[in-house]
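I am opening these notes to keep track of what I looked up, entry by entry, before I go back to the picture.

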Amino acid sequence: MQISFVAPVTASGEVSAGAWVVGAVEGGVLLPAAARADKASGGAIGRALKFSKFSGKAGQMLEVLAPAGLKASRLLLAGLGKAEALDEKGLETLGAQILGRLNTAGETAATFDLDLPKGCKVKKPELAAHLAFGAALKSYAFDKYRTRNLDEFKRSMKTLRLATPDGAAAKKAYAGLAAVADGIFLARDLVNEPPNVLYPQEFARRAKAALTRLGVKVEILGEAEMKRQGFGALVGVGQGSDRESQLVVMQWNGGKKSGKPVALVGKGVCFDSGGLSLKPGNAMMGMKGDMAGAAAVTGTMLALAARKARVNAVGVIGLVENMPSGGATRPDDVLTTLSGQTVEVLNTDAEGRLVLADALTYTQRRF
């Protein structure tokens, strides 16, 4: 979805296609842009208000389809709630709600023409930026493997314009948020991939490809190197799988050279069957998501680098598959962690703490 920031709409003809989105605060009080849209449409919004329960509460919406005298396909009146309670998070939620409504309607273009209500503490450029951020997050879809009913899941919105009196400031405010959105999308993509596609080595490859182009230093340790260093817990979890375990170390140095880094350590069990302590079938569904911690760390590192954050940060993720086989760790086995602490395995489905134990020790020792 293409996002741009434009000047406030002063004439109805400036919205030549798609939806014209305007706002009202609690009590049904129309904000200036909404009042202009009402006048341009010959009072269509006012008439619709008389026959609806719309009161301007946060999240409420009122639509006027094919409004007379306008080129816009629809007028959408969005409730902002109480002006003094409106904050950045509320604007992001509102942006997502509006985009969801328009996608459901099959709309392809929209102009968000929402004014800053009196009493609201958010700055004007931030208003547009956070609305755009919420809408951007809502635009996400993971449908690369769908072969049927594609229209049912298709996101129709292609173009989003946000009206603001200071487009340059809004664009600057949105740039940092857009970087965060990129990190979120990377994390979502990693979590959504099926486990036969995203196994430890593939996860490591994708992390390196996504981050090195932004200036993040990425190192990958394979099983041979981890065994040499003494990663007995992490390697022990993954030894039942045919897929090799990995440790990925990501460094972003955007702060002072002397500054110690913030460390983020993520659990990356790309599939968790429970090992020999096998999960019941219904509990195994969704266990491709047992690497969401590692995905969150990877996405965060991308966001930091993309927005050129002035911080030194390191992300360390332990990537394994916990599978049953003749070589798998057994209940009653004793593993020696990287720290030298021994661990008796009582249940092989308690794998996450073992992966994190070695990853945390490595991070603490090195950084």
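This is a predicted model: local features need pLDDT of at least 70, side-chain atom pairs count only at pLDDT 80 or more; totals for chains, interfaces and linings use all residues.

I found one cavity of 30 Å³ or more, and about 100 Å³ of space lies in the largest cavity. I noted 15 residues in the lining of the largest cavity, of which Gly236, Val237, Asn322, Thr329 and Thr348 are the closest to its centre. I then sorted that lining by kind, and it divides into seven nonpolar residues, seven polar and one charged.

Entry two, aromatic pairs. How many aromatic pairs does the structure hold? I counted four, and I wrote down two of them in detail. Phenylalanine 142 and tyrosine 145 form a tilted pair, with 6.0 Å from centre to centre and 55 degrees between the planes. I looked up their accessibility as well: phenylalanine 142 is partly exposed at 22%, and tyrosine 145 is partly exposed at 42%.

Phenylalanine 231 and tyrosine 362 also form a tilted pair, at 5.7 Å centre to centre and 45 degrees between the planes. Phenylalanine 231 lies in the loop between helix H8 and helix H9, while tyrosine 362 belongs to helix H12, so this pair ties together parts that are 131 residues apart in sequence. Here I noted phenylalanine 231 as buried, with a relative accessible area of 1%, and tyrosine 362 as buried, with 9%.

I found the charged end of arginine 188 over the ring of tyrosine 140, 5.3 Å from its centre, and arginine 243 over the face of tyrosine 199, at 3.8 Å from the ring centre.

Key. Residues are numbered from 1 along each chain as its sequence is written. Side-chain values use heavy atoms; hydrogens and water are left out. On a 1 Å grid over the protein atoms alone, a cavity is a set of points where a 1.4 Å probe fits but cannot get out, and a pocket is an open set with protein on both sides within 12 Å along at least five of seven lines; lining residues have an atom within 4 Å of a point. Grid points are joined across faces, edges and corners, and a volume is the space filled by probe spheres set on the points. Ala, Val, Leu, Ile, Met, Phe, Trp, Tyr, Cys and Pro count as nonpolar, Asp, Glu, Lys and Arg as charged, and the others, Gly among them, as polar. Rings of Phe, Tyr and Trp (its six-membered ring) pair if their centres lie within 6.5 Å; planes under 30 degrees apart count as stacked, over 60 as edge-to-face and the rest as tilted. Buried means under 20% relative accessible area, exposed over 50%, partly exposed in between (1.4 Å probe, protein chains only). Helices (H or I, at least four residues) and strands (E, at least two) are DSSP runs, numbered from the N terminus. A charge sits over a ring if NZ of Lys or CZ of Arg is within 6 Å of the ring centre and within 35 degrees of the ring normal.
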